[in-house]
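Here are my notes on the model you sent, as numbered points. Please read them with the coordinates open.

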Amino acid sequence: MADSLADTDTLIALVSSIVNDRLPQVESSSVLEAILHCDGDVELAANYLLQNASITHVGRPKGKKRAHSGLDAWLQRDAPSPKRKLVSRKEPSPEPTDVLVTRHLSPAPPRQPRSVPNLLSVLQQPSTSSSPSKKPPSSSRKPKPPSSVPRLPPLTLPSPAMVAQHTPCTLHISILPPELACKLFYTMVDLARGGWKRNKWWLFERMVESPHRTAFFVRKDLGSNQDDKGKGRERAEWTEAAQYWYNGTPTDIPPAFPPEMEEACHIIERAVNAEMRKRTRFDMEWRPPSDTPEPLWQANVAASNCYEGGKETVGWHSDQLTYLGPYPTIASLSLGTRRTFSLRDVVPAEEQEKRHARTYNIPLPHNSLVIMHATTQERFKHSIPPQSAVDIYKPILPRSAFSISSVKSEEDDKIEPSNIRINITFRFYRPDFRPQSTPRCKCGIPMILRPDMKNTTVAREKSSRKPASLTGTRKARSGGTGREVDGRGGGSEEEDGGINGDGDEEPEMKYWWTCYAYAQNEGKGCGLWKVMDMHAEGRGWKERKKGPESLE
Ligand SMILES: O=C(O)CCC(=O)C(=O)O
Ligand SMILES: [Fe+2]
């Protein structure tokens, strides 16, 4: 998916391009690990890699032309990079032999003052002007807390209770009947082997590739009360949207959910709706029309990832909201080998001098579901980090128990241990964010929607806002759920404004439409961005009430 890969994979490609002269063979998992250790600081991560590769002299070999001078020039324009001395550490002790082993970088060096813009903030923050602009952000250096503010170590959240306490997610163990989970695992592994792709996109002058394989599915039986024509139109539109899962690459018509996925989806929908009914909702969240029997949440697409071994990863990102809209709920099923799902909160601009972000690690066993509730995409980034070792997953039944393949072999009777993790994210693409409504940039390409995670737009507008709204913003950020649970059920539009009161408790999250052409257009785009305006764009349940010209 375009969104999910842009952030950290952008960093990976940038760091790789810097160290490439000296470390042409460096693996993306090692680069990623260096970036994680160095908190997203490109230069520090590059130096760290070079240091770990026992290269003592940082600099360019004489006479060798740098391949990406444009990018380098851009990186260095802000501040020249001084040479840094980094401490070299030892490799960790050898891993046990019954697990997969990949090369593991040593712990992070002591942090150094930054001299190169942090690419995460540069790439994600538009300029402070609210009009469309292609100017890069004026301030790329984030304020940092004084050294007296403690850095909180990563916290492992092994239980559903701890996940709910610290994050806006819920964890559901053994969500599917064991046989169904096992069968779905086999089905997805076979599909992945049959041709799932690594996402590819342009980064400046270089084509980069995701460190895992992926696929996108559209649900055939949407179960809504639309007629066949309506359903057909909706399917066609989401098919068009599918290419954005592949970073804007035009794609074939995505396949329908396989039967096992459909069966799993029904169970997952029940769990998601039960959970959503316990939570209050945001004004900008989706509400089904009051005259339909539709549940609060109904998956109409699914994206799947296959990670083979501990080296395959997905970098820090929040999911692109182009079709999900604000405050989406995403249900993420894990099958196969247990991997760690990491969440890290994004510190808003107004708190950046007061606290550090914290990483939360959730081990996800086979057949577990993480529901990323509203605010997860707005307040946190998530990743599947590389692991030096993974546990082997042993399916409970052999393939032959399911007659999955038409050609039977003796192998089908054996239970093969696996180092593969399959992830399926069930998603609801909103009717009021359907592709025909996506604004286009000057390149003529649909833009992508991203949340203003750092609240830079709100911070800018602070002076013109009423104090109650500020309280609401903070309230929604604190605590695990990111909002108050009032135990009310339902939450159809008839409750009219009651879901978050008069809006005072709703964080004033802003969203930006940004040019996305660069991902496929050899790294070139127009850089256009603009703030999304639900009202002016006719989106959301309030606009739906206003009449026929609205989007639904
Ligand atoms: O594999 C996972 O659990 C996360 C995948 C993910 O974040 C994504 O596909 O957007
Ligand atoms: Fe994601």
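What is the mean pLDDT of the protein chain, and what share of its residues reach 70 or more?

1. Confidence. The mean pLDDT is 73, and 63% of the residues reach 70 or more; pLDDT is the predictor's confidence in each residue, from 0 to 100. This is a predicted model, in which local features need pLDDT of at least 70, side-chain atom pairs count only at pLDDT 80 or more, and totals for chains, interfaces and linings use all residues. Residues are numbered from 1 along each chain as its sequence is written, while chains are lettered from A and ligands numbered from 1 in the order in which they are written. For the complex, the predictor gives an ipTM of 0.99 and a pTM of 0.72.

2. Over residues 1-6 pLDDT stays under 50, and the model has 25 contacts beyond four places in sequence for them. Residues 463-504 also stay under 50, with 65 such contacts. Two residues are in contact if their C-beta atoms, placed from the backbone, lie within 7 Å.

3. Overall make-up. The protein chain has 13 helices and 16 strands. Helices (H or I, at least four residues) and strands (E, at least two) are DSSP runs, numbered from the N terminus. Of its 552 residues, 44% count as buried. A residue is buried if 20 or more other C-beta atoms lie within 10 Å of its own, exposed if 12 or fewer, and partly exposed in between, with C-beta atoms placed from the backbone. Among contacts with a separation of 6 or more, 79% join residues 24 or more positions apart.

4. The five-stranded sheet. An open sheet of mixed pairing has the strand order β1-β9-β8-β11-β6. Its edge strands, β1 (155-156) and β6 (314-317), each pair on one side only. Two strands pair if DSSP finds at least two bridges between them. Within this sheet, β8 (residues 339-345) and β11 (residues 380-384) are antiparallel over four bridges, and Asp345 stands opposite Phe380 in β11.

5. Strand β7. Is β7 mostly covered or exposed? It is mostly covered, since seven of its seven residues are buried. β7 is joined to β10 by five bridges in the antiparallel sense, with Ile371 of β10 as the bridge partner of Ala331. Six bridges, again antiparallel, join β7 to β12 (residues 420-427); here Leu335 has Ile422 as its bridge partner.

6. Helix α9. The 19 residues of α9 (residues 259-277) should span 27 Å at 1.5 Å a residue, and the end C-alpha atoms are 27 Å apart, which agrees; the expected span is 1.5 Å times one less than the number of residues. Its buried residues are Glu260, Met261, Ala264, Cys265, Ile268, Val272, Glu275 and Met276. The face turned away from the buried side carries the exposed residues Pro259, His266, Arg270 and Ala274.

7. Backbone points to check. Most residues other than glycine have a negative phi. Tyr327, not a glycine, has a positive phi of about 50°. Tyr327 lies in the loop between β6 and β7 (330-336) and counts as buried, with 25 C-beta neighbours inside 10 Å. Thr375 likewise has a positive phi, of about 90°. Thr375 sits in the loop between β10 (368-372) and α10 (376-379), and is buried, with 23 other C-beta atoms within 10 Å.
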